Amino acid sequence: MKKVNIRTALPEDTPLIYDFIMKLAQYEKKEKEVKATPELLYESLFVRRQAEVLMAFDDEQPIGFALYFHNFSTFLGKANLYLEDLYVDEAYRHQGIGSQLFKRLAEIAVERNCERLDWWCLDWNASAITFYTQKLHAEPMHEWTVYRLCDKALIQLAKEPLL
């Protein structure tokens, strides 16, 4: 396992965070869906503090990131961590960097008295699913379906009278 330096992102890391988001979008073949800009990320992450980011470095070379925030479980009655995105540069994959990022996320969750760390995974990403289930011992949530309101549907629902 390659040992890397993992630290909380700083405002000056905003361009790096944006670059990782773009690399992730390319990997997922969703580049056209990216609306984020460095300016919007700076505002969201460092002014409004809507999410947090871990950065992974090999010496001074940035090689990965994990963006997360708190969600809330009504059944547990408290906040937990939700991992929105995790990305490791291709040249550094299969060297334990993802494991180290997940370990740090787990440490943060425990430090903050969270009982869960949740995330989604694309159905086609077999290598990630194998990593999550076999290395991390994560449990897939088979009984759940993800729904989303966005764009015109979101605006329409917000504007229409009560249903």
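**Salt bridges in a predicted model**

Q: What makes Lys103 and Glu107 a salt bridge?
A: Their side chains meet at 2.8 Å, N to O, and a salt bridge needs a side-chain nitrogen of Lys or Arg within 4 Å of a carboxyl oxygen of Asp or Glu, so the pair qualifies. Just so you know, this is a predicted model, where local features need pLDDT of at least 70 and side-chain atom pairs count only at pLDDT 80 or more, while totals for chains, interfaces and linings use all residues. Side-chain values use heavy atoms, with hydrogens and water left out, and residues are numbered from 1 along each chain as its sequence is written.

Q: How many residues apart are Lys103 and Glu107 in helix H3?
A: Four, so about one helical turn separates them in H3, residues 97–111; helices here are DSSP runs (H or I, at least four residues), numbered from the N terminus.

Q: Why is Lys103 called exposed?
A: Its relative accessible area is 52%.

Q: Why is Glu107 called partly exposed?
A: Glu107 has 29%, so it falls in the in-between class.

Terms used
Helix = DSSP H or I, 4+ residues; strand = E, 2+ residues; numbered from the N terminus. Buried < 20%, exposed > 50% of the residue type's maximum accessible area, 1.4 Å probe, protein only.
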